[in-house]
Amino acid sequence: MIAGAGPVTRPGERATVRLRDGGPEESPRYAPEWLQLREGADATARAQDLLDPLRIRLANLPGRPGGLVVHDLGCGTGSMGRWLAPRLDGAQHWVLHDRDPYLLHFAAVASPRSAADGSRVTVEARRGDVSRLTPDALAGASLVTASALLDVLTREEVETLADACAGAGCPALLTLSVAGRVELTPEDPLDAEITEAFNAHQRRTGLLGPDAATVACEAFSERGATVRLHPSPWRLGPEQAALTEQWLRGWVGAAVEQRPELSGPAERYLSARLAACAAGTLRVTVHHTDLLALPGPRGGAA
Ligand SMILES: C[S@@+](CC[C@H](N)C(=O)[O-])C[C@H]1O[C@@H](n2cnc3c(N)ncnc32)[C@H](O)[C@@H]1O
């Protein structure tokens with residue numbers, strides 16, 4: 001099971017999130033199908049209001065011959081670049097980071113080719129562990145981005161990331177961190193219990209889960225950045241039934257893994273929720289938070 005609201009694999013089904021069952025020290029892997037399924041909802045959810053302050057900061061950077069250099073951390077199949085690159089003006093070079101070479105390949109082949117003003121966008125892939133990023137690795141960066149990453153990191157890893165961004169003096173747009181709040185319509189008495197168990201599951205090995213945006217806000221602020229947080233909820237209705245179904249399976253599955261005594265009621269709950277989803281009568285809001293950190297001059301306040 002992956003920390004993050006992804007689907008659970010059932011016997012006989014093709015895994016949509018976890019591709020192999022590793023030992024405790026083996027990193028979870030994300031299936032491209034799951035990342036593809038969520039890309040549309042992610043794109044709609046992303047906080048547009050953070051774009052103008054970001055554009056202004058990028059426009060004020062000293063000009064570089066090759067344009068902007070953007071490092072996308074935990075890029076998966078590259079959905080962040082496909083969303084952001086066409087919304088920024090000027091030539092861009094995207095450095096795509098992930099530890100999973102399979103996902104990096106998808107990201108590189110489906111990368112955006114042109115910026116908002118038609119300028120050229122180029123990419124390179126870098127395989128590695130972004131939780132150990134150094135300021136040197138970000139030397140020359142204009143911007144660091146991440147999407148659906150912070151909640152699967154620890155506090156220490158987020159602090160390392162904040163150190164690297166502060167050292168490189170670049171802004172960071174860190175989006176779609178789960179907020180730990182979910183609203184389902186119609187309501188069910190088990191909603192709150194499943195939510196709590198899911199949140200506990202996310203935090204189980206010291207990962208930040210729903211605390212990610214708050215911890216990142218503190219970490220970047222302590223290093224002199226001005227931080228803005230903005231909600232970026234998924235609002236899922238009948239048009240997103242496939243995503244809702246997979247999300248429900250993952251959300252309830254993680255809750256049961258955390259609290260096995262919920263298994264009986266949760267199974268009935270999931271069946272009823274899936275039936276409502278198939279009938280088009282279920283609506284789900286999954287709250288996320290986007291964060292923009294703008295560094296101050298030479299590490300001072302912005
Ligand atoms: C939930 S997926 C999000 C992918 C993509 N950013 C998106 O929004 O679709 C998390 C991604 O982060 C990568 N990842 C997680 N922890 C990592 C780490 N410590 N180093 C490098 N990649 C990591 C995973 O391989 C996966 O591709």
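**Ligand shell**

I sorted the residues of the shell around the ligand by class and got nine nonpolar, six polar and five charged. The classes I used put Ala, Val, Leu, Ile, Met, Phe, Trp, Tyr, Cys and Pro under nonpolar, Asp, Glu, Lys and Arg under charged, and the others, Gly among them, under polar.

The model is predicted, so I noted the limits: local features need pLDDT of at least 70, side-chain atom pairs count only at pLDDT 80 or more, and totals for chains, interfaces and linings use all residues. Residues are numbered from 1 along each chain as its sequence is written.

I listed 20 residues around the ligand, with Gly 74, Gly 76, Arg 99, Ser 147 and Ala 148 the closest. Helix H1 (32-45) and helix H3 (79-84) are the elements that give two or more residues to this shell. Helices (H or I, at least four residues) and strands (E, at least two) are DSSP runs, numbered from the N terminus.

**Strand E4**

I checked burial next, where buried means 20 or more other C-beta atoms within 10 Å of a residue's own, exposed 12 or fewer, and partly exposed in between, with C-beta atoms placed from the backbone. Strand E4 (residues 143-147) has five of its five residues buried, so the rest of the structure largely encloses it. Leu 143, Thr 145 and Ser 147 point one way from E4, and Val 144 and Ala 146 point the other way.

I then looked up the partners of E4; two strands pair if DSSP finds at least two bridges between them. Strand E1 (residues 68-73) runs parallel to E4, joined by four bridges. Strand E5 (residues 172-185) also pairs with E4 in the parallel sense, over four bridges. Thr 145 of E4 stands opposite Asp 72 and opposite Leu 173 in E5.

Which residue in the loop between E4 and helix H5 (155-168) did I look up? Ala 148 lies there, and its phi is positive, about 55 degrees, although it is not a glycine. Ala 148 is buried, with 24 other C-beta atoms within 10 Å.

Leu 176 in strand E5 has a positive phi near 55 degrees. Leu 176 is buried, with 30 C-beta neighbours inside 10 Å.

I found a cis peptide bond between Thr 185 and Pro 186, with omega about 0 degrees. Pro 186 is in the loop between E5 and helix H6 (191-202).

**Confidence**

The protein chain averages a pLDDT (the predictor's confidence in each residue, from 0 to 100) of 91, and 90% of the residues score at least 70.

Key
Near = placed C-beta within 6 Å.
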